Amino acid sequence: MDLERDETIERVAQALAVVPPRDAQAVSRVMAAVRAHKAQRPSRLTLVMEWMRQPAFSVASAGALAAAALVLGFFSRGAFGNAGSDQSARSTLEGQPTGEFPIVTGGVLPASNSHEVRAVPVPLVFDARNAKSVVVVGDFNGWDDTKTPMVRYGTDGPWTATVLAKPGRHVYAFLVDGTTLVADPRAPRAKDLDFGGDASVLMVTPP
Amino acid sequence: MTEIDPSVPLRAQRGDEQAFLEIVEFYYPRCLRFARNMMGNEQDAEEAVQDAFVRVHDSFHRFREDARFDPWLFRILANRCRTLLGRAKRHRELIEYGEVQLAIASAASPIEIEEEFGADWAEEVRLVLETLPPEQREAFLLRHVEDLSYEDIAVITGAGLSALRMRVKRACDTLRIRLTEVEKRNGS
């Protein structure tokens with residue numbers, strides 16, 4: 001018997017215990033956010049592959065970096081004193097975790113595509129229960145109706161897709177059943193229609 | 001409410017997206033209930049729940065196979081609620097500093113509570129609940145609404161058992177006193 005739970009607390013608990021109904025759209029939004037977040041985080045393998053694709057990469061430089069990392073690892077464990085010969089390794093690998101191969105790009109590695117603006121994954125959800133197919137078209141995919149088909153959640157749930165768009169302003173729409181362009185009811189309407197139909201505006205901020 | 005089949009989180013941990021979808025479908029309503037009661041605001045509650053699931057997906061490698069999933073999920077969710085409450089508090093302080101009426105600013109999306117006991121009672125409960133310090137509100141909700149054991153609540157909040165019992169007791173005392181006053185005032 002729970003002594004805390006008298007009649008008043010029982011009534012309070014019951015008033016607060018009402019479970020919200022199942023919401024397919026909310027679940028769909030969560031799954032889209034999870035997928036977008038996953039797409040945004042490059043794996044360690046991807047980082048290594050990107051680094052190796054840099055023109056500055058060579059087997060010799062990789063060996064030098066590994067050796068420098070080892071020296072720094074020994075240094076951080078107190079294996080060596082403050083010998084001047086370690087200064088170059090220390091300054092070269094500044095910002096790297098000591099004793100670990102430098103997978104995460106830091107000051108020593110050429111910044112991967114640092115002059116380019118990276119595209120950001122953006123989850124989109126569209127409710128069209130009677131549609132047989134929905135495709136996202138927009139300036140971020142060249143208005144190509146084959147590039148971003150949406151996937152339906154369940155048999156009559158909302159349609160979802162994740163698009164990659166660079167930071168800035170974008171215009172897009174949903175192509176329903178291959179014939180009808182529909183603006184996204186969740187987004188502001190585009191005024192500068194350059195393709196003759198309803199469209200919406202997507203503002204993407206840098207990650 | 002029963003817990004999900006323990007094999008589902010393990011499948012999700014191994015990268016099975018269908019299993020993760022099952023988790024979201026199973027827990028979303030209950031998580032939203034907790035977040036609504038904690039935040040007092042629908043929009044913040046939905047944000048907290050979505051963020052929590054993103055973090056669950058991100059941190060699955062840290063979930064121990066022999067652990068129970070419910071306390072682990074609610075620990076992440078409670079952390080998100082605390083973070084967002086802190087942000088909301090800072091936002092509120094800014095509004096108050098600007099001499100805008102707080103009641104107007106915060107009344108944008110009232111929580112809908114089904115009316116088994118009448119809308120007035122549910123509304124009074126919600127208003128009194130909002131006056132509780134967040135750590136008391138959290139402990140009360142986990143104990144008496146989510147029906148979790150003190151041991152589970154200790155895992156979720158990181159607080160000791162005696163501190164948690166004290167928080168729940170104080171929350172119950174405040175709710176009893178204030179709601180009794182409300183009922184006397186309303187003549188019921």
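Me: How many Å² does the accessible surface of chain A come to, and what share belongs to carbon and sulfur atoms?
Reply: The model is predicted; local features need pLDDT of at least 70, side-chain atom pairs count only at pLDDT 80 or more, and totals for chains, interfaces and linings use all residues. Residues are numbered from 1 along each chain as its sequence is written, chains are lettered from A and ligands numbered from 1 in the order written, and side-chain values use heavy atoms, with hydrogens and water left out. Accessible areas come from the Shrake-Rupley method with a 1.4 Å probe; for residues, only the protein chains shown count as cover. For chain A the surface is about 11,800 Å², and the carbon and sulfur share is 57%.

Me: How many helices and strands does chain B have?
Reply: Its pattern along the sequence is α-α-α-α-α-α-α-α-α. The count is nine helices and zero strands.

Me: What percentage of the 188 residues of chain B count as buried?
Reply: Buried means under 20% relative accessible area, exposed over 50%, partly exposed in between (1.4 Å probe, protein chains only). In chain A, 38% of the 207 residues are buried. For chain B the value is 47%.

Me: How much area do chain B and chain A bury between them?
Reply: Contact means heavy atoms within 4.5 Å. On that basis 41 residues come from chain B and 29 residues from chain A. Buried area is the accessible area (1.4 Å probe) that two parts lose on being put together, summed over both. Carbon and sulfur atoms hold 64% of it, and the total is about 3,300 Å².

Me: Which residue of chain A meets Glu17(B) in a salt bridge?
Reply: A salt bridge puts a side-chain nitrogen of Lys or Arg within 4 Å of a carboxyl oxygen of Asp or Glu. Chain B and chain A share four salt bridges. In one of them, at 2.7 Å from N to O, the partner of Glu17(B) is Arg35(A).

Me: Which helix of chain B gives the most to the side that touches chain A?
Reply: Helix 2 (17-39), helix 3 (42-58), helix 6 (119-131), helix 7 (134-145) and helix 9 (161-186) of chain B each supply at least two residues there. With 13 residues, the top contributor is helix 2.

Notes. Helices (H or I, at least four residues) and strands (E, at least two) are DSSP runs, numbered from the N terminus.
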